[in-house]
Amino acid sequence: VGAPFAGNATCLVAVGDHVARGDAVVRMEAMKMETTITAPVDGRVARIPIADGAAVQPGELLVVVTPG
């Protein structure tokens with residue numbers, strides 16, 4: 001799951017968590033705007049390559065979800 005825009009990202013899941021398509025996985029904040037990023041598939045959170053509250057750029061990898 002990649003960042004749709006530049007901003008600060010807060011992860012809402014942990015490695016090993018099961019997620020369903022549409023579940024909230026990351027909250028993004030930029031310029032007083034907040035949006036929730038959701039899981040694109042059912043699966044398990046395999047990796048979280050960002051630190052909580054990290055500043056990220058568009059397209060930067062936020063969460064890796066393995067289908068299944």
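A contact means heavy atoms within 4.5 Å.

**View 1. Overall fold of the predicted model.** The model is predicted, with local features needing pLDDT of at least 70 and side-chain atom pairs counting only at pLDDT 80 or more, while totals for chains, interfaces and linings use all residues. Residues are numbered from 1 along each chain as its sequence is written, and side-chain values use heavy atoms, with hydrogens and water left out. The protein contains 7 strands and 0 helices (DSSP runs numbered from the N terminus: strands are E, at least two residues; helices are H or I, at least four). Its radius of gyration, taken over C-alpha atoms, is 11 Å, close to the 11 Å of the globule rule for 68 residues, so the protein is as compact as a globular protein of that length. The rule is 2.2 Å times the number of residues to the power 0.38.

View 2. Of the contacts with a separation of 6 or more, 51% join residues 24 or more positions apart. Buried residues (under 20% relative accessible area, 1.4 Å probe, protein chains only) make up 31% of the 68 residues.

View 3. Strand β3 (residues 24-30) pairs with strand β4 (residues 33-38) in the antiparallel sense over 6 bridges; pairing requires at least two bridges found by DSSP. Val26 has Ile37 in β4 as its bridge partner. The hairpin leaves 2 residues between the strands, and Met31 in the turn has a positive phi of about 50°.

Conventions: Buried < 20%, exposed > 50% of the residue type's maximum accessible area, 1.4 Å probe, protein only.
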